[in-house]
Amino acid sequence: VVSTQSTWGDDYDFVGITIAYVYYNPKGTEGNCNGRLYRNGDIIKAGDPVPTEQVMYYCHPVVMLINGWKGQPIAASLRKPGSPLPKGVQDLLGAIEHFTGSVILSIGNGPNDCDFIYIKRR
């Protein structure tokens with residue numbers, strides 16, 4: 001997996017990522033999507049089939065806050081090549097990998113085709 005738009009944490013103290021959705025209809029009505037019924041409290045996680053708009057209307061995001069990397073920019077125009085990634089970036093990538101089951105190979109850090117940081121695995 002390649003993560004793009006990774007520089008938004010350069011400007012913020014915290015970065016929020018949606019890790020799941022919770023279905024909740026105030027009337028208690030079940031949502032039906034292609035034969036699957038969604039009831040209040042059902043959790044939709046990464047990798048689950050994405051429901052239709054009629055079901056998503058009643059879904060509320062579960063957001064995980066991660067420390068940003070304000071003051072330690074990774075933008076291609078500011079980052080020294082080879083410098084270590086700030087802890088906030090490492091935490092963000094770790095959370096994405098954990099919740100999606102994917103392995104991140106690189107992250108985009110600028111507008112050009114060559115603006116990538118390749119992740120070294122140990």
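**View 1. Disulfides and the cysteines of the predicted model.** The structure holds 0 disulfides, a disulfide being a pair of cysteine sulfur atoms within 2.5 Å. For C59, the closest cysteine sulfur is that of C33, and the separation of 9.7 Å is too far for a bond. C59 counts as buried, at 9% relative accessibility, whereas C114 is exposed, with a relative accessible area of 65%; buried means under 20% relative accessible area, exposed over 50% and partly exposed in between, with a 1.4 Å probe and protein chains only. This is a predicted model, in which local features need pLDDT of at least 70 and side-chain atom pairs count only at pLDDT 80 or more, while totals for chains, interfaces and linings use all residues. Residues are numbered from 1 along each chain as its sequence is written, and side-chain values use heavy atoms, with hydrogens and water left out.

**View 2. Secondary structure and overall extent.** The protein contains 2 helices and 8 strands, arranged along the sequence as β-β-β-β-β-α-β-α-β-β; helices (H or I, at least four residues) and strands (E, at least two) are DSSP runs, numbered from the N terminus. The radius of gyration is 18 Å, well over the 14 Å that the globule rule gives for 122 residues, so the protein is more spread out than a compact globule; this radius is taken over C-alpha atoms, and the rule is 2.2 Å times the number of residues to the power 0.38. Along the principal axes, the C-alpha atoms fill a box of roughly 55 × 25 × 25 Å.

**View 3. Burial across the chain.** Of the 122 residues in the protein, 31% are buried.
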